[in-house]
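Please keep the sequence and the model in view while reading.

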Amino acid sequence: MEWNEQVSSDEEMRNWTLMDEELQELAEHPLNLNTATREQLEQLPFLSDQLIENILYYLYKYGAMLSINELWGVEGMDWRTRRYLQDFVYVGEVPADRKPDWRKIWTRNKQELLTRVGRSLNQKAGYAGYSTETLDKYPNRKYLGDAFYHNIRYRFSFANRLFFSFSAEKDAGEPFFRGANRKGYDSYAASFLLQDIGQLKTLVLGNYRANFGYGLVLNTGASMGLGTSVASFGRMGSGLTRFTSTAETGYLRGIGGTWQWNKRWNVSAFYSFRNLDALVDNSEIRSFKTDGMHRLQKDLEKKNTVSNHLVGSHLSYNGKYLEAGLTAVYNYYDKLLNPVEKLYNRFEPRGRQFLNVGLHYKWFLSHRWMWAGETAIDRQGAIATLNTIRYSPTVHTTWILINRYYDKRYHSLLSNAWGENSKTSNEVGICIGLETKILQSVNLSAYGDFFYFPWYRYQVDRRNTLGVSGNIQLSYSHPHSLGVLIRYGIKNKAKNHTLSDERKYVLPYIRQRVHAQVAYMPYPFLTSKTVAEFVRTSYGSNDKGNGYALGETLKLASEDFPLQGSISGVWFRTDNYDSRVYLYEPGLLYTFSMNSLEGRGYRMAVNLRYDGGKRWMLQAKWGWTHYSDRNRISSGTEEIAGNNKADIQLQLRVKW
């Protein structure tokens with residue numbers, strides 16, 4: 001679907017990896033539209049606030065829906081949104097008594113066990129044989145474990161009130177039941193959630209996510225930009241939620257709860273204790289390690305070297321025209337955070353203790369106007385603020401104006417707010433966006449963002465640099481069988497670059513991207529998607545590079561046949577790494593499969609899924625990439641001799 005194929009940079013890929021797993025889980029456990037709450041519908045990034053209001057108003061006015069086709073009666077519903085919704089909702093009965101019967105917890109629950117295994121089919125340098133003398137001298141040339149990736153996940157739910165999950169993961173190259181992992185997996189995690197029990201809105205134990213306001217103080221999830229949806233931008237965080245992913249970062253670990261005073265007021269409190277990976281030198285934290293990999297000796301030396309305590313609270317008011325909240329977070333490390341000073345990180349956080357407080361707000365001036373934002377302050381008095389004004393003259397048209405000011409001295413270690421910088425600091429910007437329907441089945445989405453960095457940045461040895469990014473997208477959705485999309489995006493911001501005279505300059509790095517795709521369903525069981533991509537990069541007028549890709553995906557699936565599958569292929573050609581292309585391909589359940597392709601070659605992938613009734617599912621994926629411009633792939637421990645690389649993954653799910 002086009003809403004999960006927006007990636008055009010490494011930063012966007014990291015955000016979508018977090019978001020996509022949450023959406024896949026929701027698709028596997030769809031919402032009953034007749035009992036869905038506003039908070040549940042807000043999990044869907046393609047729904048605007050106005051359309052959510054219209055869905056809830058329709059249910060209030062006309063009662064429970066009898067068929068999914070009744071969505072056409074909701075004001076503002078179009079073919080594209082209707083098609084997306086059918087993957088995440090269903091129309092079911094409304095129970096006479098919504099209170100769960102806890103005596104039936106062992107007979108009416110839902111349980112799921114899922115396991116995935118995969119490995120590269122090529123010999124990588126990190127698994128090669130080395131002499132004892134070589135490893136004594138270069139211990140980080142060889143991985144400590146085998147080439148298999150493996151995880152196992154268990155989930156338990158009852159009456160949409162109680163959830164429990166457990167997961168364990170071993171990355172390729174990590175030891176398993178030996179060496180540093182004598183207890184088996186490298187990572188174990190568990191999460192417990194109890195919700196909507198009287199005035200207890202949420203109780204979380206174990207691993208959980210916390211996201212309040214607009215991410216200036218605390219956001220352990222994804223930060224989605226305007227590429228997702230202009231109309232839904234500005235949606236506040238979901239508070240305390242369970243964490244069921246196998247990811248080894250992006251969560252808190254401890255206890256948290258939300259208590260509802262009355263219909264309008266909620267109060268949350270949470271505590272977290274975690275051991276973190278970091279490079280420690282003379283009892284000082286130089287940098288954090290966040291990839292979760294423990295494959296080499298140097299990785300183990302950074303594992304669990306720092307202890308972190310976090311305490312936070314949140315008070316919120318939810319009125320008819322005003323929503324507001326106050327968030328406070330205190331962070332403590334058992335070692336001094338003191339990265340080696342460089343020009344670009346002179347104002348980055350240093351110390352053991354960190355405090356952030358933020359006030360967020362959303363004011364509905366009318367059914368057409370909305371003002372929302374958050375203003376936060378850290379322990380040193382530095383300020384960050386993000387504000388948006390949204391105007392919706394009709395249900396199909398939304399204008400948005402976004403202003404942000406992040407002081408170069410402001411830092412919140414767990415913030416993740418919208419912006420161009422990788423951190424919520426050293427940035428000023430203003431953005432204007434539009435989403436509208438220009439014909440019955442044609443949607444237009446566009447935005448322009450202008451930003452300014454007062455201080456030096458990583459790989460930018462100059463202060464006071466400017467930049468701009470923009471995007472325009474047209475999409476057409478036929479009621480039954482055809483979808484067409486074309487998107488143009490441009491980004492221009494300063495970056496260090498060495499020219500042919502061997503001197504380093506700060507030049508405007510310009511990246512332009514054109515993406516076009518056509519999805520066609522000639523029969524109910526067959527879907528075809530053709531994708532074309534063009535990327536052009538340059539440093540000012542120097543070192544220009546072009547990237548091209550052309551791909552096709554065929555998917556066969558029928559409700560009457562247990563076996564379904566897809567085959568995808570892509571041809572790519574890029575002049576350099578800067579002009580690399582990103583293309584989505586079907587992946588296994590709960591995995592986000594977006595390929596970054598650079599050089600010259602082609603890639604093929606085959607994905608098969610067999611459903612054994614409602615109880616079990618077996619899925620397999622094989623992928624193969626051929627390069628015509630090299631005889632070695634990657635470098636270091638990941639290096640492959642030759643111009644081909646292939647991988648295979650298997651996944652089994654059992655439900656009862």
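Contact here means heavy atoms within 4.5 Å. By that criterion, among contacts in the protein between residues at least 6 apart in sequence, 60% join residues at least 24 apart. The model is a predicted one, in which local features need pLDDT of at least 70 and side-chain atom pairs count only at pLDDT 80 or more, while totals for chains, interfaces and linings use all residues. Residues are numbered from 1 along each chain as its sequence is written, and side-chain values use heavy atoms, with hydrogens and water left out.

The protein contains six helices and 33 strands; these are DSSP runs numbered from the N terminus, helices being H or I of at least four residues and strands E of at least two. Its C-alpha trace spans about 75 × 60 × 55 Å along the principal axes. The radius of gyration, taken over C-alpha atoms, is compared with a globule rule of 2.2 Å times the number of residues to the power 0.38. For 656 residues a compact globule would have a value near 26 Å, and the 25 Å of the protein agrees with this.

Of the 656 residues, 49% are buried, where buried means under 20% relative accessible area (1.4 Å probe, protein chains only). In soluble globular proteins, nonpolar side chains tend to be buried together. A nonpolar core is defined as a set of buried Ala, Val, Leu, Ile, Met, Phe, Trp, Tyr and Cys residues joined through side-chain atoms within 4.5 Å. The largest such core has 32 residues, and those touching the most other members are Leu216, Leu218, Leu240, Leu252, Phe270, Ile402 and Tyr410. Strands S7 (200-211), S16 (369-378), S17 (383-394) and S18 (397-406) each supply at least two residues of this core. Apart from it lies another core of 23 residues, including Leu23, Leu44, Ile55 and Val89.

Strand S17 also holds Leu386, which counts as buried because its relative accessibility is 4%. Beyond four places in sequence, the contacts of Leu386 include Leu216 and Ile402, as well as Ala372 and Tyr406. Along the chain, Leu386 and Gly623 are 237 residues apart, and their C-alpha atoms are separated by 42 Å.

Leaving aside neighbours within four places in sequence, Arg653 is in contact with residues including Glu28, Glu112, Arg609, Arg615 and Trp616.

Definitions and conventions
Buried means under 20% relative accessible area, exposed over 50%, partly exposed in between (1.4 Å probe, protein chains only).
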